[in-house]
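Student: I have a structure to look at. Can we go through how its parts pack together?

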Amino acid sequence: MKPADPGPAGPAELALTLAEERWSTLFPVEDEGATLASWRPPCLVDGIGLVAAVQLFARETYRGPSADLVIVPWERLGDAAVELDTLAAILDGARARGLASALEAPLAATLALEEVRYREGMFEGPRAEGRRDDALVVTRGRLAGARARMREVYGLLLPATLATFAAFWRSLDPLERAGAEHLGRSPGGIMIWFEDGGLARRTRDGLDARLECRFRCDPPELVTVMWGDSDGLHYGLWYDDPADPPTGVAHNYARDSAETWRDEEPTPLRVLLAQAQAQIDDPYRDEPAPLSLFAVRDALLRFEAADRRALAEDPPADRWLDAPRIPTLGTFGPALPPEAGTIRVGDPHERLPIWRTQPQRTAKWIASALRECAEGRPAAALTFGLDLHWLDREEDREAALELMVAAYEALGRRAHALTIKAHYRHRDLRSVGVFLPPEQDQGDDTAP
């Protein structure tokens, strides 16, 4: 298809509005054997037109073809109403012929529409670059305020990479946002401070802001910045030492095993980019990845250089990258200085049956760890405290808190000690969302 200039933005905006208004009247198309669906209205792709993801699937097996199709060509945006009327007639004809008869055919042929396949550079242009540049200006302008709030709330350094990450989310157009939804990821936790009015947002009932997105078994080193789409998945910055920038990124499935795992990529944006690329390259995919997934991947790539520059502003401290770590139940273990000491039973799976079945030995371990901590060797206290924190038994609650607070104080990591204290004061909250939604944040600190 040869793109033509549709003239001023008016026709494109009118075409989008008309498609959005009519979409729910066009889809789904159903008969006894199959369903033809398009779950969201078309998106505008420069030089191509209005493009929609369409799927035909059998009612029993849910299997069938899918494709990104041109609903209104670029040169026909001014005649969108006519094109949508034509589409309605095509859909009626497909239903009349029987949708199940088309399950083995390409959708483009069935609906007499052009299929769009990804090509490099198709999502680039002045408008896309302008969106991204504008978003970076806004979020970099909020970085100082977000850093001040991070110091005030957590006693930690908020890295410049979060401003880049926030700019990425702010810049997304509808097609890119659909790709992010396909990945099942969205900003969370302290990313609220980069939203419009986010620095002014308050918490319900005056709760401590450190409780936002902090699940029961989260270690204090983890500060949430992104949500996943299943089993309480959340991603966060990992702070080995509050005096330093975060060492990297980690994630936790809070409603599954509640274990915290390290990510290989050093920033949230790079984590998301790796996930997008992995889905595009999935060898088990029957059909090409949806256009929206390529769109969000390309948007991430366009922020990669800015992300590298931001990481250079606040690089992880070298001393923690390869420092000793003692795995705990539920975590890969915080980095420890050499003088922190060691423990005799280093495998958490060997410690687990002791915690569960040998209370006398457990009491001896706790007492010994606290003595060593008082002598300047907090490794055992920190390890045992995090073990018991993850086990999350009421009978261990006081011991877990005492061990962790003592260890963090001995390590000079007082910010983590204060976070775990705040966590234990409110560990039984029914929701980890403590910030008031904007419509309720009207000046009443005690709003429900």
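Predicted model: local features only at pLDDT ≥ 70, side-chain atom pairs only at ≥ 80, totals over all residues.

Student: How are helix 13 and helix 14 oriented towards each other?
Tutor: Helix 13 covers residues 397-410 and helix 14 covers residues 414-425. Their axes lie 7 Å apart, at an angle of about 160 degrees. Angles over 145 degrees count as roughly antiparallel. So helix 13 and helix 14 are roughly antiparallel.

Student: Which hand does the crossing of helix 13 and helix 14 have?
Tutor: Residues from both helices meet here. Among them are Leu 401 and Met 404 in helix 13, and Ile 420 and Tyr 424 in helix 14. By class, this contact has eight nonpolar, one polar and four charged residues. The crossing of helix 13 and helix 14 is left-handed.

Student: How are helix 10 and helix 12 oriented towards each other?
Tutor: Helix 10 spans residues 348-357, and helix 12 spans residues 379-391. Their axes come within 11 Å and cross at roughly 65 degrees. The range from 65 to 115 degrees counts as roughly perpendicular. Helix 10 and helix 12 are therefore roughly perpendicular.

Student: How many charged residues are in the contact of helix 10 with helix 12?
Tutor: This crossing is right-handed. Arg 351, Leu 352, Trp 355 and Arg 356 in helix 10 meet Thr 383, Phe 384, Asp 387, Leu 388 and Leu 391 in helix 12. Sorted by class, five are nonpolar and one is polar, and the charged residues number three.

Student: Is Phe 294 buried or exposed?
Tutor: Start with its partner. Tyr 118 has 24% relative accessibility, so Tyr 118 counts as partly exposed. Phe 294 has 14%, and the cut-off for buried is under 20%. Phe 294 therefore counts as buried.

Student: Which residues do ring pairs link into a cluster?
Tutor: Here ring pairs join several aromatic residues. The cluster consists of Phe 165, Phe 168, Trp 169 and Phe 303.

Definitions and conventions
Residues numbered from 1 in each chain as written. Heavy atoms only, no water. Axes fitted to C-alpha atoms, helices over the stretch in contact; angles between N-to-C directions. Helix = DSSP H or I, 4+ residues; strand = E, 2+ residues; numbered from the N terminus. Parallel < 35°, antiparallel > 145°, perpendicular 65-115°, else oblique. Left-handed = near helix turned anticlockwise from the far one by under 90°. Contact = heavy atoms within 4.5 Å. Nonpolar A, V, L, I, M, F, W, Y, C, P; charged D, E, K, R; others polar. Buried < 20%, exposed > 50% of the residue type's maximum accessible area, 1.4 Å probe, protein only. Phe/Tyr/Trp six-rings, centres within 6.5 Å; stacked < 30°, edge-to-face > 60°.
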